[in-house]
Amino acid sequence: MKIVTWNVNGIRACERQGLVEWYRDYQPDVLCFQEVRAEPHQLSAAVCEPEAGCTVSWHPAEKKGYSGVGAWIRRAPEEIRLGMGLAEFDSEGRVQVLRFKGFTLFNVYFPNGSRDLSRVPYKLSFYDALLAQIKELHARGEHVIVCGDFNTAHQPIDLANPKANQKTTGFLPEERVKVDEYLAAGLKDVFRDRHPGEAGHYTWWSNRPGVRERNIGWRIDYFLVSEALVPHVTAAYILPEVKGSDHCPVVLELDDALVTA
């Protein structure tokens, strides 16, 4: 089973750069979007139905042209839930929950702390609220995959210029410790576990000229996987060559036995 997470930074703009064609060629079982920045009625027929039999789900923000998550799903889940049941976060369209046999997939667009850091408290509260729900599932013996744009580079290795960004949202100590808390709660950053000590693996680049070409980026898009699921992970990798957004797709491949047994 192949799951892809991608912050598309506006799905309509990404569509114009070949999103649907890439999806049909790459054939993921689940493609999770963040920062859709559109309501369903604003989307083209191709985006609303990229192929016959595809389950499509959207969770837009109440604010027009802002945030929002969604998914194209070839293997229909047992259940789709939108939001966390918390109005202060759900109004921004940040969480989509897909329940499959064997695991629950959280498609998440974590808040940005804002250039002036004014949204950092909101961001930290969001991290806490989501983690509380994940811990409840773990306590019941259920397994979880959390994917999406975490808007945080966890360690210095996860961005090209850590020293210059110590006071920048996305690399603040209080943001990074939240990722520590997720890992302490029984989740594994499977990409980093498989590429320990390897610098230069990024998922987001500024739109400034030449930045992406020189690979001056940040790794802020992740798959965190319950420890019990790690033996079922067959691959975890990044697709920096895929254009269409200032982020690139990130991929998790699972043993099919997990969802067919």
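Which residue forms a salt bridge with Asp29, and how many Å apart are the closest N and O atoms? The partner is Arg75, with the closest N and O atoms 3.4 Å apart; a salt bridge is taken as a side-chain nitrogen of Lys or Arg within 4 Å of a carboxyl oxygen of Asp or Glu. The model is predicted, so local features need pLDDT of at least 70 and side-chain atom pairs count only at pLDDT 80 or more, whereas totals for chains, interfaces and linings use all residues. Residues are numbered from 1 along each chain as its sequence is written, and side-chain values use heavy atoms, with hydrogens and water left out.

The structure holds 15 salt bridges. Helices (H or I, at least four residues) and strands (E, at least two) are DSSP runs numbered from the N terminus. Asp29 counts as buried at 15% relative accessibility, and Arg75 counts as partly exposed at 26%; buried denotes under 20% relative accessible area, exposed over 50%, and partly exposed the range in between (1.4 Å probe, protein chains only).

Arg75 also forms a salt bridge with Asp256, for which the closest N and O atoms are 3.1 Å apart. This pair spans 181 residues, with Asp256 in the loop between strand S14 (250–254) and helix H8 (257–260). Asp256 is partly exposed, at 34% relative accessibility. A further salt bridge joins Asp158 to Arg192, with the closest N and O atoms 2.9 Å apart. Asp158 is placed in the loop between strand S8 (144–149) and helix H6 (173–184) and Arg192 in helix H7 (residues 190–194), so this pair ties together parts 34 residues apart in sequence. Both residues of the pair, Asp158 and Arg192, are buried.

Two charged residues are buried without a salt bridge. For Glu35, the nearest side chain of opposite charge is Arg37, 4.0 Å away; Lys and Arg count as positive and Asp and Glu as negative, with His and the chain ends not counted. Glu35 occupies the loop between strand S2 (30–34) and helix H3 (45–48). Arg212, in the loop between S10 and S11, is likewise buried with no salt bridge, and Glu213 is the nearest side chain of opposite charge at 6.9 Å. The Arg212 side chain reaches the backbone oxygen of Val242 at 3.1 Å and that of Ser245 at 2.9 Å.

Aromatic pairs number 16 in the structure; rings of Phe, Tyr and Trp (its six-membered ring) pair if their centres lie within 6.5 Å, planes under 30 degrees apart counting as stacked, over 60 as edge-to-face and the rest as tilted. Trp22 and Tyr26 form a stacked pair, 4.9 Å centre to centre with 15 degrees between the planes. These two residues are four apart in helix H2 (residues 19–26), and therefore separated by about one helical turn. Both Trp22 and Tyr26 are buried. The rings of Trp204 and Trp218 have centres 6.2 Å apart and planes at 75 degrees, so this pair is edge-to-face. Trp204 is in strand S10 (residues 204–205) and Trp218 in strand S11 (residues 217–218), 14 residues apart. Trp204 is partly exposed at 24% relative accessible area, whereas Trp218 is buried at 12%.

Definitions and conventions:
Polar contact = N/O pair within 3.5 Å; in protein donor to acceptor, adjacent residues only side chain to side chain.
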